[in-house]
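Hi,

Here is the structure I said I would pass on. Have a look at it first, and then read on for what turned up.

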Amino acid sequence: MLRAIIFDMDGVICDSEPLHMQAFQEVLKTQSIAITDQEYYDKYLAHDDRGSFETAFKDHGLPPPDAERLKGLVIQKSKIFDVMMKDGLVIYPGAEVFARKASTMYAVGLATGARRLEAEYVLKKAKIRDVFSAVVSADDVSVGKPEPESFERALTLMNQVRLNGTPAIQPSEVVVIEDSPRCIRTVKRLGMKAVGMATSYKAEELREADLVIDTFVGFSLDKLEALFV
């Protein structure tokens, strides 16, 4: 049975992937690396900032940046993104209503590749910070998405606040809402159900998900519950 829902943030709650892409491209240009929009969606979207920069250097035949240089690149990208976010962040229609309704019946968590400050800003802007019993950002894990640690930690945190006496929530009782094919594959390997949000990718590219949607508007919880019948 369904007992918990884990949301991704970028591309699920907010339309921020284009902003991440532009900020990432700007910083890479300072390193003499140029990537197209299609490259970003094909190779980097599922990663957190650290993973994106490490992958970009590797893909372009450059030595991996050391820890200090990597930290500087992430900070530089964050500063650019923060400016863009304040001017152009869009919360998806229906996200607030759906998340609030979900939280009245199930444990609700967030697993995002964004930084903690970005996550807190978005959730407050969407007016849903209070509905999440677990928020896991890139700052809270050693290896970010699309690796499994973020999803596993979100489940651990939700279990820590469950009602006394109730059994621990199992992966098979969790559904994750994601916009990335790679993260969907990770979720499935963990034994969780996956709903693909067709915002960053076409529906056919999310075919490994148990269900594909393109909006929360008019989307009902019974469609998630039906995945567990």
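A quick definition before the pocket: on a 1 Å grid over the protein atoms alone, a pocket is an open set of points with protein on both sides within 12 Å along at least five of seven lines. Please keep in mind that this is a predicted model.

With that in hand, the largest pocket comes out at about 280 Å³. It is lined by 14 residues, and Arg3, Tyr106, Ala107, Arg162 and Leu163 are the ones closest to its centre. Sorted by class, the lining of this pocket has ten nonpolar residues, two polar and two charged.

Ser200 sits in the loop between strand E5 (193-197) and strand E6 (211-213). Its relative accessible area is 18%, so Ser200 counts as buried, the cut-off being under 20%.

Ser180 belongs to the loop between strand E4 (174-178) and helix H8 (181-189). At a relative accessible area of 1%, Ser180 is buried. A polar atom of the Ser180 side chain lies 3.3 Å from the backbone nitrogen of Arg182.

On to the packing. The largest nonpolar core has 80 residues, and those touching the most other members are Ile5, Phe7, Ile13, Phe132, Phe216 and Leu224. Helix H4 (residues 67-88) brings the largest share of this core, seven residues. Take Ile5 as an example: leaving out neighbours within four places in sequence, its contacts include Tyr106, Ala107, Met158, Val175, Ile177, Leu221 and Leu224. Tyr106 and Ala107 are the pair already named among the residues closest to the pocket centre.

Leu19 is in helix H1. With 11% relative accessibility, Leu19 is buried. Apart from residues up to four places away, Leu19 touches Phe81, Met84, Met85, Gly88 and Leu89.

In helix H6 (residues 116-125), the buried residues are Glu118, Ala119, Glu120, Val122 and Leu123. Helix H1 (17-29), H4, strand E2 (107-111) and E3 are among what covers them. After H6 comes Lys127, with a positive phi near 65°. Lys127 is in the loop between H6 and E3 and is exposed, at 55% relative accessibility.

A few backbone details may be worth a look on your side. Ser32 is another residue other than glycine with a positive phi, near 60°. You will find Ser32 in the loop between H1 and H2, exposed at 73% relative accessibility. Which peptide bond is cis? The one from Lys145 to Pro146, with omega near 15°.

Pro146 lies in the loop between E3 and H7, and so does Ser142, with strand E3 spanning 134-136 and helix H7 spanning 149-160. Is Ser142 buried or exposed? Its relative accessible area is 57%, which makes Ser142 exposed, the cut-off being over 50%. Not counting residues up to four places away in sequence, Ser142 touches Arg50 and Glu149. The side chains of Ser142 and Glu149 make a polar contact of 2.8 Å.

Cheers

Note on methods:
Residues are numbered from 1 along each chain as its sequence is written. This is a predicted model: local features need pLDDT of at least 70, side-chain atom pairs count only at pLDDT 80 or more; totals for chains, interfaces and linings use all residues. Side-chain values use heavy atoms; hydrogens and water are left out. Helices (H or I, at least four residues) and strands (E, at least two) are DSSP runs, numbered from the N terminus. Buried means under 20% relative accessible area, exposed over 50%, partly exposed in between (1.4 Å probe, protein chains only). Contact means heavy atoms within 4.5 Å. A polar contact is a pair of N or O atoms within 3.5 Å; within protein, one must be able to donate a hydrogen and the other to accept it, and residues adjacent in sequence count only if both atoms are side-chain atoms. A nonpolar core is a set of buried Ala, Val, Leu, Ile, Met, Phe, Trp, Tyr and Cys residues joined through side-chain atoms within 4.5 Å. On a 1 Å grid over the protein atoms alone, a cavity is a set of points where a 1.4 Å probe fits but cannot get out, and a pocket is an open set with protein on both sides within 12 Å along at least five of seven lines; lining residues have an atom within 4 Å of a point. Grid points are joined across faces, edges and corners, and a volume is the space filled by probe spheres set on the points. Ala, Val, Leu, Ile, Met, Phe, Trp, Tyr, Cys and Pro count as nonpolar, Asp, Glu, Lys and Arg as charged, and the others, Gly among them, as polar.
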